[in-house]
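Try each task before you read its solution.

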Amino acid sequence: WCFFNVCDRHGVYETQCKSHPKPSCGYPPSQWCRSLEIAIECGIMVPPVEITLYYESLCPGCRAFLTEQLFPTWTLLKDIMNVNLVPFGNAKNSFSCQHGEPECYASMVEACVLHAANHAAFPVIYCMESSADVLKSAKPCLQLYAPFVKWQTIESCTRGELGHRLMHQNAVKTQALKPAHTHVPWITFNGEYTSEWKDKAMSTLFNLVCSLYKGIKPPVCTGALKKLDRSFC
């Protein structure tokens, strides 16, 4: 078995696992706990739930899901879930967007933010998508949640080859979906899409992520924290 301290900005989430190695594991037992990656490959650690959102920056349904379900759930369960954002949606390769030219630009801004801000990108994009005006909020949201990234960097990205290359990559990812996406938001879990998961995600994503995670559930999933809160009332 392995013991890992998974650290984030809010503290330390301790994980212990006991398991038998997978048949495909190419590492001897002495190496199983050498790294988190090896532990996952050998079945000693359970990987986080991987959620990928294919969306459009100005799509009302996409904005609602991102701000009301995805970001709040990630805030509580970031230890057991990873989020990938792919802004493109129903756009065309020539970057003709469903909600007009402002959406093309806003999606490219968000693609550039994802590229430049790394771990801080999701809070920036949540800030943008929860604002009354996605584009006008981009600069202040960047300054608030990713002050280490200059706004000039994002502008340069959108005006140059990098922004178009990032959008092309998002187009390729979106068009490679199987089954092909028919609407947005389109949500996959560990690379897979089902209509049942999508329906649950739109209303109770938190519960869905907790149920899909196969490792030791964090206290917030099991309800232990709620019980503790009641005991102090």
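**Exercise 1.** Decide whether Cys 59 and Cys 62 are buried or exposed in this predicted model.

Solution. Buried means a relative accessible area under 20%. Cys 59 has a relative accessible area of 7%, so Cys 59 is buried. Cys 62 comes in at 1%, so Cys 62 counts as buried too.

**Exercise 2.** Find the disulfides, and work out which parts of the chain each one links.

Solution. Start with the count: a search of the whole structure turns up three disulfides.

Step one: take Cys 112 and Cys 157, whose sulfur atoms sit 2.0 Å apart. This pair links distant parts of the chain, with Cys 112 in helix H3 and Cys 157 in helix H6, 45 residues apart. The angle about the S-S bond is -80°, a left-handed link. Cys 112 and Cys 157 are both buried.

Step two: look at Cys 127 and Cys 141, again with sulfur atoms 2.0 Å apart. Cys 127 lies in helix H4 and Cys 141 in helix H5, so the pair ties together parts that are 14 residues apart in sequence. Both cysteines, Cys 127 and Cys 141, are buried.

Step three: that leaves Cys 210 and Cys 221, with 2.0 Å between their sulfur atoms. Cys 210 belongs to helix H8 and Cys 221 to helix H9, so this pair ties together parts 11 residues apart in sequence. The torsion about their S-S bond is about -80°, so the disulfide is left-handed.

**Exercise 3.** Describe the surroundings of Thr 52.

Solution. Now list its contacts, leaving aside neighbours within four places in sequence: Asn 84, Val 86, Trp 186, Ile 187 and Thr 188. With Asn 84 there is a polar contact, side chain to side chain, at 3.3 Å. Finally, look at the strand pairing: S3 and S5 run antiparallel over four bridges, and Ile 51 stands opposite Phe 189 in S5.

**Exercise 4.** Which residues of H7 are buried, and what do they pack against?

Solution. Pick out the buried residues of H7: Gly 163, Leu 166, Met 167, Asn 170, Ala 171 and Thr 174. They cover an arc of only 145° around the axis, which puts them on the same side of H7. Then see what they pack against: S3, strand S4, helix H3 and helix H6.

Conventions. Residues are numbered from 1 along each chain as its sequence is written. This is a predicted model: local features need pLDDT of at least 70, side-chain atom pairs count only at pLDDT 80 or more; totals for chains, interfaces and linings use all residues. Side-chain values use heavy atoms; hydrogens and water are left out. A polar contact is a pair of N or O atoms within 3.5 Å; within protein, one must be able to donate a hydrogen and the other to accept it, and residues adjacent in sequence count only if both atoms are side-chain atoms. Contact means heavy atoms within 4.5 Å. Two strands pair if DSSP finds at least two bridges between them. Helices (H or I, at least four residues) and strands (E, at least two) are DSSP runs, numbered from the N terminus. Buried means under 20% relative accessible area, exposed over 50%, partly exposed in between (1.4 Å probe, protein chains only). The arc is that of the directions from the helix axis to the C-beta atoms. A disulfide is a pair of cysteine sulfur atoms within 2.5 Å.
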